[in-house]
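Subject: Handover of a structure and notes on it

Dear colleague,

Please find below the structure that I am handing over to you. I would ask you to keep it open while you read the notes that come after it.

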Amino acid sequence: MASYKPVVVQSFPKLGEKITQDTLYWKNYKTPVQIKEFGAVNKIDFSPIPPHNYAVTASSRIHIYGRYSQEPIKTFSRFKDAAYCATYRDDGKLLVAGSEEGVVRLFDINGRAALRQYDGHTKAVHVVDFLSDKYRIVSGADDYTSKLWDIPSATEIVSYSEHMDYVRCGCTSKLNTDLFVTGSYDHTVKVFDVRTEKSVMTVEHGQPVESVLLFPSGGLLVSAGGRYVKIWDILKGGQLLVSLKNHHKTVTCLCLSSSGQRLLSGSLDRHVKVYSTASYKVVHSFDYAASILSLALAPEDETIVVGMTNGVLNVKNRKHEESKERLPKKKRPGYRTFVKGRNYMPKQEDFFVSKPVRSHLKKYDKLLKSFQVTKALDVVLEARNRTPEITVAVMQELNRRGTLQNALAGRDETQLSVLLAFLIRYVVEPRFAPMLIKVAEMIIDIYLPVVGQSAVIDKQFLRLQEIIEKEIDYQTELLEVLGMMDALFATMTKKKATSLEENKTNGILRVLEQATSN
């Protein structure tokens with residue numbers, strides 16, 4: 001009797017993601033550290049000075065976390081209600097934050113109590129930031145106003161009331177000490193110069209604005225709201241350069257990499273997208289467990305911190321090659337150990353002993369070898385989500401043997417439900433469609449008399465019918481498009497006269513000329 005030949009599983013090309021330099025760069029982070037906060041994390045801000053600790057604003061507290069310890073080293077909790085938007089000054093010594101009660105508070109990093117308190121807003125203050133001169137603070141609130149404060153005297157310098165809805169985001173220019181930007185739920189982004197009494201530029205985003213960002217050069221402005229991220233050219237009077245729609249839900253936060261070459265956006269769809277600022281195409285994407293509210297990058301992109309709606313802080317630190325070099329190297333056999341005797345040629349007097357190769361069969365091959373076709377099909381269906389190629393290969397082997405119908409028959413409700421679920425998932429996939437359509441036809445022929453006895457099976461049959469009908473309609477539309485394209489190409493191509501045809505026409509003309517002359 002001939003030895004059993006294992007089932008040949010057809011290999012298909014893998015449709016994995018393309019490995020690029022961005023993929024390698026942004027995947028080079030350690031396993032994330034999860035930190036549970038008291039509420040949704042609405043702002044994360046890194047200190048501009050080493051060791052680059054970061055302030056996390058959540059609920060009614062502001063925690064200052066150590067860069068590497070991932071533990072709070074200081075807490076500011078003197079808020080009656082929710083705190084918002086804790087932001088460092090450029091020298092890293094002061095921290096400003098808004099609050100639900102409409103008060104702006106200024107903190108010393110080395111102290112606990114507030115150094116200054118700025119009263120003037122009548123509703124919650126969601127936006128606070130320092131101007132680049134370090135002596136003035138900008139704030140925006142739900143009372144539709146934006147205010148400028150003097151730090152030493154704790155007095156209001158100027159107030160702007162141009163927005164028609166909540167002011168929920170803002171930023172200041174790092175180059176111009178008098179320039180700042182605010183975004184509002186009235187769908188507008190306004191650029192203010194504190195030397196004037198009104199805004200100097202207004203752009204219409206089209207959705208409630210959740211975040212704004214100025215490029216380091218100061219010439220480009222980014223706004224996020226709804227599903228859109230839009231880039232505006234300030235030097236051209238607020239001209240829209242590009243509109244990006246890569247998220248499925250509202251974009252809540254924006255961030256630039258340390259080099260300024262990559263733009264990051266976080267969204268309620270639980271994704272962080274990384275864009276190239278040269279082409280504005282997505283070059284990488286991060287997935288998270290909950291909707292994202294805040295995002296921050298440490299200098300040199302060493303740490304990426306994401307705050308989510310469920311109060312979880314996700315911290316990823318970059319891997320370093322130095323740590324790998326410090327590990328003691330294991331002693332391994334030398335190269336000569338592996339190549340020893342490889343090129344040895346047996347002599348005439350040598351006796352060659354061949355070592356029998358023991359073949360290890362898979363579980364489904366063992367069952368097929370013993371003709372247990374139903375059990376073999378059940379075994380490969382258990383791993384249907386991971387290896388559909390093996391399942392289809394076993395079905396093809398059973399069909400070749402003529403026992404596929406026997407393996408499909410005699411199934412109870414649970415077994416039939418698993419089989420139908422596999423068909424529903426893969427029947428329209430081009431790699432498996434020829435075999436699975438034949439399997440579907442056999443199942444319909446076998447179990448047609450018992451249709452109507454199980455609501456679960458009936459529902460799956462209807463789902464399978466719906467998927468196949470959609471695929472047929474799709475193929476029909478494609479054939480129609482192909483026919484239209486063929487007709488277009490046929491009209492576009494011009495028939496060129498060959499040399500033989502040219503000779504024929506020349507000959508006919510000569511005959512006609514001779515006839516007329518006679």
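The notes below begin with the whole protein and then turn to some of its parts.

This is a predicted model, in which local features need pLDDT of at least 70 and side-chain atom pairs count only at pLDDT 80 or more, while totals for chains, interfaces and linings use all residues. Residues are numbered from 1 along each chain as its sequence is written, and side-chain values use heavy atoms, with hydrogens and water left out.

The whole protein

The protein contains 11 helices and 28 strands; helices (H or I, at least four residues) and strands (E, at least two) are DSSP runs, numbered from the N terminus. Its C-alpha trace spans about 100 × 100 × 70 Å along the principal axes. The radius of gyration is 35 Å, whereas a compact globule of 518 residues would have one near 24 Å. That radius is taken over C-alpha atoms, and the globule rule is 2.2 Å times the number of residues to the power 0.38.

Of the 518 residues, 44% count as buried (buried means under 20% relative accessible area, exposed over 50%, partly exposed in between, with a 1.4 Å probe and protein chains only). The accessible surface comes to about 30500 Å², and 54% of it belongs to carbon and sulfur atoms; the areas come from the Shrake-Rupley method with a 1.4 Å probe, and for residues only the protein chains shown count as cover.

An open sheet

Strands of a sheet pair through backbone hydrogen bonds, either parallel or antiparallel. Here, four strands form an open sheet in the order E14-E15-E16-E17, with antiparallel pairing (two strands pair if DSSP finds at least two bridges between them). Strand E14 (167-172) and strand E17 (201-204) stand at the edges with a single partner strand each, so one side of each has no neighbour in the sheet. Strand E16 (residues 188-193) is joined to E17 by four bridges, and Thr188 stands opposite Glu204 in E17.

A buried strand and its two partners

Why is strand E19 (residues 220-225) largely enclosed by the rest of the structure? Six of its six residues are buried, so the strand is largely enclosed. In a regular strand the side chains alternate between the two faces of the sheet. In E19, Leu220, Val222 and Ala224 point one way, and Leu221, Ser223 and Gly225 point the other way.

Strand E18 (residues 211-214) runs antiparallel to E19 and is joined to it by four bridges, with Ala224 as the bridge partner of Ser211. The hairpin of E18 and E19 has five residues between the strands, and Gly218 there takes a positive phi near 80°. E19 also pairs in the antiparallel sense with strand E20 (residues 228-233), over six bridges, and Val222 stands opposite Ile231 in E20. This second hairpin, of E19 and E20, has two residues between the strands, and Gly226 takes a positive phi near 65°.

A buried histidine

His121 is found in the loop between strand E9 (114-119) and strand E10 (125-130), and is buried, with a relative accessible area of 7%. Its side chain makes a polar contact of 2.7 Å with the side chain of Ser139, and another of 3.2 Å joins the side chains of His121 and Asp143. A polar contact is a pair of N or O atoms within 3.5 Å; within protein, one must be able to donate a hydrogen and the other to accept it, and residues adjacent in sequence count only if both atoms are side-chain atoms.

Yours sincerely,
A colleague
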